[in-house]
Amino acid sequence: MTAPDPVRAARALNGGAAAVLVLEAIVVLFVPRGIAQTGPGLTGFRLTYLLTLAVLLILAAGVQRRPRGLIIGTVLQVPLVLTGLFNSVLWLIGGIFALLWLYLLQLRRDMLGSILPPLSPAASSEPPPGSQEEQPHQ
């Protein structure tokens, strides 16, 4: 099943992906408080890792409009799941977010016919809807 308006569906899916990445970043920013009270505590490495991951997730949310934004977001799911090495509960949280990301990829494939967007916007020979060529001259 493909969406009746693929451009609109792609924008909506990109917005959903950006929202998931921002939520992941917010959750990652809450993690240091929980880690500080368990095990060896919050070491410099752990804090640096988590803050860097949060910044990368926010930056990845900002580039979801770009063709490679989806790839960047997918790659960032691995370090998110690996936060489980710091605390066992984070395996569950990272796993939930990774499954949510996989669900978004599945929706993208169902609605647009492909997981990855075309790399060049000039791939289609038709002008986009609402362009100057379609508007009557007055």
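Student: Leaving aside neighbours within four places in sequence, which residues is Leu21 in contact with?
Tutor: Leu21 is in contact with Leu57, Ala60, Ala61, Gln64, Gly73, Gln77 and Trp101. Contact means heavy atoms within 4.5 Å.

Student: What kind of model is this?
Tutor: The model is predicted: local features need pLDDT of at least 70, side-chain atom pairs count only at pLDDT 80 or more, and totals for chains, interfaces and linings use all residues. Residues are numbered from 1 along each chain as its sequence is written, and side-chain values use heavy atoms, leaving out hydrogens and water.

Student: Why is Leu21 called buried?
Tutor: Leu21 has a relative accessible area of 0%. Buried means under 20%, exposed over 50%, and partly exposed in between (1.4 Å probe, protein chains only). Therefore Leu21 is buried. Leu21 is found in helix α1.

Student: Why does Gly73 count as buried?
Tutor: The relative accessible area of Gly73 is 0%, so Gly73 is buried. Gly73 lies in helix α3. Beyond its neighbours within four places, Gly73 is in contact with Leu21, Gln64 and Trp101.

Student: How many residues does the largest nonpolar core have, and what makes it a core?
Tutor: The largest nonpolar core has 23 residues. Such a core is a set of buried Ala, Val, Leu, Ile, Met, Phe, Trp, Tyr and Cys residues, joined through side-chain atoms within 4.5 Å. Those with the most contacts inside the largest core are Leu21, Val28, Ile35, Leu50, Leu53, Leu57 and Trp101. At least two residues of this core come from each of α1 (6-36), α2 (44-62) and α5 (89-112). The largest share is 8 residues, from α1.

Student: What does Val28 contact, leaving aside neighbours within four places?
Tutor: Leu50, Leu53, Ala54, Leu57 and Leu80.

Student: Why is Ala54 called buried?
Tutor: Its relative accessibility is 3%, so Ala54 counts as buried. Ala54 lies in helix α2. Ala54 touches Ala25, Val28 and Leu29, not counting residues up to four places away.

Student: Is Val22 buried or partly exposed, and why?
Tutor: The relative accessibility of Val22 is 36%, so Val22 counts as partly exposed. Val22 is found in helix α1.

Student: What makes the nonpolar surface patch with Val22?
Tutor: Val22, Leu23, Ile26 and Phe30 make a patch of about 380 Å². Patch residues have over 30% relative accessible area and no salt bridge; like charges are joined within 9 Å, nonpolar side chains (Val, Leu, Ile, Met, Phe, Trp, Tyr) within 5 Å. A salt bridge is a side-chain nitrogen of Lys or Arg within 4 Å of a carboxyl oxygen of Asp or Glu. Areas come from the Shrake-Rupley method with a 1.4 Å probe; for residues, only the protein chains shown count as cover.

Student: How do you know that α5 is close to its expected span?
Tutor: α5 has 24 residues and reaches 35 Å from first C-alpha to last, close to the 34 Å expected at 1.5 Å a residue. The expected span is 1.5 Å times one less than the number of residues. Gly113 follows α5, with a positive phi near 85°.

Student: Which residues of α5 are buried, and what do they pack against?
Tutor: Leu90, Gly94, Phe97, Ala98, Trp101, Leu104, Leu105 and Arg108 are buried in α5. The buried residues of α5 pack against α1, α3 (69-75) and α4 (77-81).

Student: Why is Leu13 called buried?
Tutor: Leu13 has a relative accessible area of 10%, so Leu13 is buried. Leu13 is found in helix α1. Leaving aside neighbours within four places, Leu13 is in contact with Leu107, Arg108, Met111 and Leu112. Leu13 and Leu107 are 94 residues apart in sequence and 8.1 Å apart in space, C-alpha to C-alpha.

Student: How many of the 138 residues in the protein chain are buried, as a percentage?
Tutor: Buried residues make up 32%. The chain exposes about 9,100 Å², with 68% supplied by carbon and sulfur atoms.

How values were computed: Helix = DSSP H or I, 4+ residues; strand = E, 2+ residues; numbered from the N terminus.
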